[in-house]
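I opened my notebook beside the model and looked up a few spots. Here is what I wrote down.

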Amino acid sequence: MIEAPEAVCLARQLNETIKGKRVTYVLVRHTPHKFTFSCGNPDEYPEMLQDKIVGESCAYGGMVQVNAGDVKLVFTDGANLRYYAPGAKLPDKHQLLVGFEDESCIIVSVRMYGGILCFAGDSFDGGLNAYYSCARTKPQVMSDAFTKEYFLGLINAGDVQNKSAKAFLATDQMIPGLGNGVLQDILYNARVHPKTKIATLSVRQREELYHHVKDTTCEMLEKGGRSSEKDLFDRKGGYISYLSKDTVGTHCLRCGDTILKENYMGGSIYYCNTCQKY
């Protein structure tokens, strides 16, 4: 699933690839997918986008936004974006195709669930608007605006002290774009168990956690995202996670103990029981 590093990577690639192109063809809902979420009437998306010139693309948390004139296309974390050059063989199944005058296109397909949103203005009707607005108004985790002072304001708030480290980092849009995939290595680098209560972290541990949030996500971005995800050109990212489903049962690179997996909060957590004491 797209998280903050992959979203920024995709936005950069879109700016290098489709910015300035004119939209000449749009196909929606070519393949039915009941967990593809939209806003308004998707059948109106082709008319809304027709002849628009693609402007700047940007990332808000784990969302990717493509600006086209007065219209915005937003893709949430379950959407897969791919660019196809003129003449390339196109996939049979997809939920959105946007074609350009040079006969190139981008195609979007949804995995388990995901949003494909097209709207004018700064908001839209529907349940995903609150998610979008939050991601848009909070600082991007890898940006200069995401400062230590900002992070300490979040982690020192009274209402998060009873939360676990996982719940604090990856739920309630506390840090948009930081989800269960990214947080595993953040907590491993910080030597914090995912179940650790925020209240038990010292001042120093909270400051160190901030630095690991920044450093880990920035490293993921520098390497083109995580290897479990693919970019606009269908290439895997270059960042290989220390903790993931692929490393369960292997030995910790620091201490040699076994990497463990456990179900927690409706998902999986991975950890080294020696390096991440609970």
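**A helix pair, a sheet and a glutamine**

I began with the helices and saw that α1 passes α7 in a right-handed crossing (the near helix is turned clockwise from the far one by less than a right angle). Pro5, Val8, Cys9 and Arg12 of α1 meet Thr217, Met220 and Leu221 of α7, where contact means heavy atoms within 4.5 Å. I noted that the model is predicted, with local features needing pLDDT of at least 70 and side-chain atom pairs pLDDT 80 or more, while totals for chains, interfaces and linings use all residues. Residues are numbered from 1 along each chain as its sequence is written, and side-chain values use heavy atoms, leaving out hydrogens and water.

Next I turned to the sheet, which is open and has four strands in the order β1-β7-β8-β6, with antiparallel pairing. Strands (E, at least two residues) and helices (H or I, at least four) are DSSP runs, numbered from the N terminus. β1 (23–28) and β6 (79–84) are at the edges with a single partner strand each, so one side of each has no neighbour in the sheet. I followed β1 to β7 (residues 96–100) and found five bridges; strands pair if DSSP finds at least two. Val26 sits opposite Val98 in β7.

Last, I checked Gln173, in the loop between α5 (165–170) and α6 (180–190). Is Gln173 buried or exposed? Gln173 counts as buried because its relative accessibility is 18% (buried is under 20%, exposed over 50%, partly exposed in between, with a 1.4 Å probe and protein chains only). A polar side-chain atom of Gln173 lies 3.3 Å from the backbone oxygen of Tyr131.

Technical notes:
A polar contact is a pair of N or O atoms within 3.5 Å; within protein, one must be able to donate a hydrogen and the other to accept it, and residues adjacent in sequence count only if both atoms are side-chain atoms.
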